[in-house]
Amino acid sequence: VRRGGQVRAEPAMPATWKERLREAAKEQSAVLWTIETQGGPVGIARVSRHSDVGHCDVQDLAIDPARWGRGYGGDATLAIHRYLFDHLDKRVSAVELPADSERAKRIAERLGSVEFGRGHDACYRDGAYADRLYLRLDRSAWEERWGASEREHPPLPGGIER
Amino acid sequence: VLGPRLAGRNGVELRPPTLGDQKPHLVWLAQPEVTRLWAPRHGEWTEEKAEERFKRQCESRDSANWSIAFEGETVGSTGIFDIDWVGRGGESGLFIGRHDLYGRGIASEAVRLRTRLAWSHLRLHRVHSWIALQDRGSRRANEKGGYAQIGLYRGYAYRSGAWLDDRTGEIFPERAFTPE
């Protein structure tokens, strides 16, 4: 999990996490979720939603390493984007990933995200730098690939669809 | 932290911000010539909030902040933010509030001074930026300072009646560093 982001300037302990959760609850420009399956938490996700513009950024998506390989990251990503496109009416969702994060890249590619930039030697961990990928998913690409199967709710009656 | 005083060329200087430097920002932020590429062009631009912002700058441990002075007068601000001291990277930003001084090379000199310090004292490995492609002044200042374009976020935001693109660039300060 640590390879996915930068080293935090605070210890990962209950006291600091309580404070972070309090701050997250007050935050108006970002949405934080627990990813849950079968009644228990398996990860977290956070999205900034930039109220004044038509785009948003997936800032964090982390799954308990003991549960990797079960599709939870991909399922959570779909659920988040249903919310972003069907509910918040966003035009674009963007994400930044370490270029050697194969699992994250697979999820993004399956989702339909495309690369629009690459930062060189931008992520440092394990004694070396890796590039950072800048990816975007446009609403049109989402609707083409997932619109038929991944609506958050079916269309409303009386011709109202959104 | 507040950045150290850096004397530049052609009357440009970066200097540690003061509380007094915050007040002209309140005037500049109300001028459409300055904010036309920004959003949302409204905010709580009061002296009280300016004081709070200055206090945050003073207390910040992951940013370096400067006022930009031209011929002794404060005309804007710049900084490197979200510094990752382990990965030695950060994001730069720059603001010239005096639109009557646009085109005088002030931003370019500020970028040069900032980048030099990023290596000579902060030892940053990489600094990146996001600039509206249509913001010609900022874009040119970064290009002249050595930032290379690494991506283009098309249709990033709607401003002044049009969708704008956001250009992201990066610089490796060691390579751009020239001892003086």
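Q: Contact means heavy atoms within 4.5 Å; leaving aside its neighbours within four places in sequence, which residues is A:H81 in contact with?
A: This is a predicted model, in which local features need pLDDT of at least 70 and side-chain atom pairs count only at pLDDT 80 or more, while totals for chains, interfaces and linings use all residues. Residues are numbered from 1 along each chain as its sequence is written, chains are lettered from A and ligands numbered from 1 in the order in which they are written, and side-chain values use heavy atoms, with hydrogens and water left out. With neighbours within four places set aside, the contacts of A:H81 are A:V58, A:D86, A:S93, A:L111, A:L137 and A:W142.

Q: Is A:H81 buried or exposed?
A: Helices (H or I, at least four residues) and strands (E, at least two) are DSSP runs, numbered from the N terminus, and A:H81 lies in helix α2 of chain A, residues 72–87. Buried means under 20% relative accessible area, exposed over 50% and partly exposed in between, with a 1.4 Å probe and protein chains only. The relative accessible area of A:H81 is 3%, so A:H81 is buried.

Q: How many Å apart in space are A:H81 and A:V58, C-alpha to C-alpha?
A: A:V58 is among the contacts of A:H81. The two are 23 residues apart in sequence, and their C-alpha to C-alpha separation is 9.5 Å.

Q: What is the area buried between chain B and chain A?
A: The contact takes 22 residues from chain B and 21 residues from chain A. Buried area is the accessible area (1.4 Å probe) that two parts lose on being put together, summed over both. Carbon and sulfur atoms give 52% of a total of about 1,800 Å².

Q: How many residue pairs are in polar contact across the interface of chain B and chain A?
A: A salt bridge is a side-chain nitrogen of Lys or Arg within 4 Å of a carboxyl oxygen of Asp or Glu, and the count between the chains is zero. A polar contact is a pair of N or O atoms within 3.5 Å; within protein, one must be able to donate a hydrogen and the other to accept it, and residues adjacent in sequence count only if both atoms are side-chain atoms. With both residues at pLDDT 80 or more, the number of such pairs is nine.

Q: Which element gives the largest share of the side of chain B that touches chain A?
A: β6 (126–132), β7 (148–159) and β8 (162–171) of chain B each supply at least two residues of that side. The largest share is nine residues, from β7(B).

Conventions: Contact = heavy atoms within 4.5 Å.
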